[in-house]
Amino acid sequence: MEGLLAKSTLKMRGEVIAEVRDKHGNLKQRSVTRNIVTSQGDKFAAAAMYTAAYSGWGMKLGTATTAAAKSGAGSYIATGDYVSGSAKALDDSTPKAGASNDIVQFRRLWAAGEGTSSNINRVAIVDNTTNAGEADATHTFAISVFSGAINKGADDTLTVTWNVTFLGA
C-alpha cells in the first residue's frame, strides 16, 4: 500500500507590494518584490494549517540591505536596523483569501507618524508586535528586501500588501 501513495510537496511564493502615499492620498512611491519564507516560517505555516496561528502577528520594517535568506543574518530584521515604531499588528481584515483560493493575503497600513524613515529597505511578517528585541529569526515568518529604499515621511502612509501563494506539486 505504501508504494501506491503519491508524494506531495507544498511550496510558498510571496509577492510584496509597498506603497507610500502623501497626506492627500497621492501615490509617491511603489515597490513590488518577492519574499523568502524563512526556516522558522515553514514551521509556522505547518502549525497554521490547524490552529489560529496568526493571532498576535504583525509586520516590522528595517533599514538593512542584506539579501533575504532562508536562515541566518538575512532571515530577520536585526535590532540595529529595526525602524522605530514600526512593529504593528496585521490589519484587522488579514490574513484573508487573496485573488484566488490558493493565495493568503497579509496587509499592514502604517499611518502618518508610524514607522517613519527615509531608508526603509526590508519588511518582515513576524509572530509578535513588540519592538526590535523580538525581531529575530525565531519570530520571523517571511522577509522581503525592496529593490530600492522607501522614503516614508512623517505625513505619509505606507501600505504593505503581502500575497503568499501556496504551490502544490
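## Lysine 88 and its salt bridge

Lysine 88 counts as partly exposed, because its relative accessibility is 23%. In this predicted model, lysine 88 forms a salt bridge with glutamate 114. The closest N and O atoms of that pair are 3.5 Å apart. The link joins distant parts of the chain. Lysine 88 sits in strand 5, and glutamate 114 in the loop between strand 7 (103-110) and strand 8. The two are 26 residues apart.

Arginine 107 forms a salt bridge with aspartate 91. Here the closest N and O atoms are 2.4 Å apart. Arginine 107 lies in strand 7, while aspartate 91 is in the loop between strand 5 and strand 6 (96-97), so the pair ties together parts that are 16 residues apart in sequence. Cover differs between the partners. Arginine 107 has a relative accessible area of 28% and is therefore partly exposed. Aspartate 91 has 13% relative accessibility, so it counts as buried.

Salt bridges with shared partners join Lys88, Asp91, Arg107, Arg108 and Glu114 into one network.

## Other salt bridges

The whole structure holds seven salt bridges. One of them pairs glutamate 19 with arginine 21. Their closest N and O atoms are 3.4 Å apart. Glutamate 19 counts as buried because its relative accessibility is 18%, under the 20% cut-off. Arginine 21 is at 29%, so it counts as partly exposed.

## Lysine 152: buried without a salt bridge

Lysine 152 belongs to strand 9 (residues 140-152). Lysine 152 is buried, yet has no salt bridge. What is the nearest side chain of opposite charge? It is that of aspartate 156, 6.5 Å away.

Backbone oxygens are within reach instead. The side chain of lysine 152 reaches the backbone oxygen of alanine 111 at 3.1 Å. Beyond its neighbours within four places in sequence, lysine 152 contacts several residues, including Val20, Trp110, Ala111, Ala112, Gly113 and Glu114. Glu114 is also the salt-bridge partner of lysine 88. Further contacts of lysine 152 include Ser117, Ile120, Thr157 and Leu158.

## Strand 4: covered on both faces

Strand 4 (residues 58-62) is mostly covered, with five of its five residues buried. In a regular strand the side chains alternate between the two faces of the sheet. On one side of strand 4 are Gly58, Lys60 and Gly62. On the other are Met59 and Leu61. Both faces are covered.

Strand 4 has two antiparallel pairings. It pairs with strand 5 (residues 88-89) over two bridges, and with strand 8 (residues 117-126) over five bridges. Glycine 58 takes part in both. Its bridge partner in strand 5 is alanine 89, and in strand 8 it is valine 126.

## The chain as a whole

The protein chain contains one helix and ten strands. Their order along the sequence is β-β-β-α-β-β-β-β-β-β-β. Of the 169 residues, 42% are buried. Among contacts with a separation of 6 or more, 74% come from residues 24 or more positions apart. The accessible surface comes to about 8400 Å². Carbon and sulfur atoms account for 51% of that surface.

Key: Residues are numbered from 1 along each chain as its sequence is written. This is a predicted model: local features need pLDDT of at least 70, side-chain atom pairs count only at pLDDT 80 or more; totals for chains, interfaces and linings use all residues. Side-chain values use heavy atoms; hydrogens and water are left out. Helices (H or I, at least four residues) and strands (E, at least two) are DSSP runs, numbered from the N terminus. Buried means under 20% relative accessible area, exposed over 50%, partly exposed in between (1.4 Å probe, protein chains only). Contact means heavy atoms within 4.5 Å. Accessible areas come from the Shrake-Rupley method with a 1.4 Å probe; for residues, only the protein chains shown count as cover. Lys and Arg count as positive and Asp and Glu as negative; His and the chain ends are not counted. A salt bridge is a side-chain nitrogen of Lys or Arg within 4 Å of a carboxyl oxygen of Asp or Glu. A polar contact is a pair of N or O atoms within 3.5 Å; within protein, one must be able to donate a hydrogen and the other to accept it, and residues adjacent in sequence count only if both atoms are side-chain atoms. Two strands pair if DSSP finds at least two bridges between them.
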